[in-house]
Amino acid sequence: IFNRSHYEEVLVTSVFPQILDTQKLPPRDFASEMELRYAQIRNFERLLSDTGTRVIKFFLNVSKEEQKNRLLRRTEDPNRHWKHESGDLEMRKKWGSFMDAYERAIKETTAPHAPWYMIPADNKPYMRRCVADIVHRTLLSMNPQFPKVSQEESEQIQLDRDIILSPDF
């Protein structure tokens, strides 16, 4: 499970391209750099898929109004003060730019082997149910099974059990 990681990197870089100035990168124009990053994400997801890892991605879509309510609750409820960051207020001013960046990132990195699921997230119980349903359906389609143990391995397990149960162990 990756929480943001390279997806967040393309989002923040899209909104704040000056971040690239602090990253000791080979000389490339911004468009080339972003295309390279999207290609790297697609290649990484393809590698995961080709080597047997199921990739599913969730965009938990919080509305602008709900984000405002959550930010306000963080300032009003002492139990939520730990969540408050003043920088979030500055980031909110870039709402439109972030929405454009999310749209492009999703479009650039969605694929049959690595789909995105857009989940309305204003209502947390509903959002959690949607994510759980998708994970559940995905697991069912994978039909996970415990590994089969051969007769020889089973016999060795019984011998090992006897050793464990011996008084000298």
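Predicted model: local features only at pLDDT ≥ 70, side-chain atom pairs only at ≥ 80, totals over all residues.
Colleague: Which element gives the most to the lining of the largest pocket?
Modeller: The lining consists of 50 residues, with Asn-3, Arg-4, Phe-58, Leu-60 and Tyr-102 nearest the centre of the pocket. At least two residues of the lining come from each of α1, α2, β1, α3, α4, α5 and α6. The element that gives the most, with 8 residues, is α6.

Colleague: How many residues of that lining are nonpolar, polar and charged?
Modeller: The lining of the largest pocket holds 50 residues. By class, 15 of them are charged, 6 are polar and 29 are nonpolar.

Colleague: How far apart are the end C-alpha atoms of α3?
Modeller: The helix α3 has 13 residues, and at 1.5 Å a residue it should span 18 Å.

Colleague: Within what arc do the buried residues of α3 fall, seen down its axis?
Modeller: Buried in α3 are Glu-66, Arg-70 and Leu-71. They line one face of the helix, because the arc they fall within is 140 degrees. An α-helix has 3.6 residues a turn, so residues three or four places apart point the same way. The buried residues of α3 pack against α4 and α6, and their arc is 140 degrees.

Colleague: Is Ser-86 buried or exposed?
Modeller: Ser-86 sits in the loop between α3 and α4. From Leu-71 it is 15 residues away in sequence and 9.7 Å away in space, C-alpha to C-alpha. Exposed means over 50% relative accessible area. Ser-86 has 52%, so it is exposed.

Colleague: Against which elements do the buried residues of α1 pack?
Modeller: In α1 the buried residues are Tyr-7, Val-10, Leu-11, Val-12, Thr-13 and Val-15. These residues pack against α2, β1, α5 and β2.

Colleague: What is the phi of Asn-143?
Modeller: Asn-143 belongs to the loop between α6 and α7, and it is partly exposed, with a relative accessible area of 49%. Most residues other than glycine have a negative phi. Asn-143 is not a glycine, yet its phi is positive, at about 50 degrees.

Terms used: Residues numbered from 1 in each chain as written. Heavy atoms only, no water. 1 Å grid on protein atoms, 1.4 Å probe; cavity = no way out; pocket = protein on both sides within 12 Å on 5 of 7 lines; lining within 4 Å. Helix = DSSP H or I, 4+ residues; strand = E, 2+ residues; numbered from the N terminus. Nonpolar A, V, L, I, M, F, W, Y, C, P; charged D, E, K, R; others polar. Expected span 1.5 Å × (residues − 1). Buried < 20%, exposed > 50% of the residue type's maximum accessible area, 1.4 Å probe, protein only. Arc of directions from axis to C-beta. Contact = heavy atoms within 4.5 Å.
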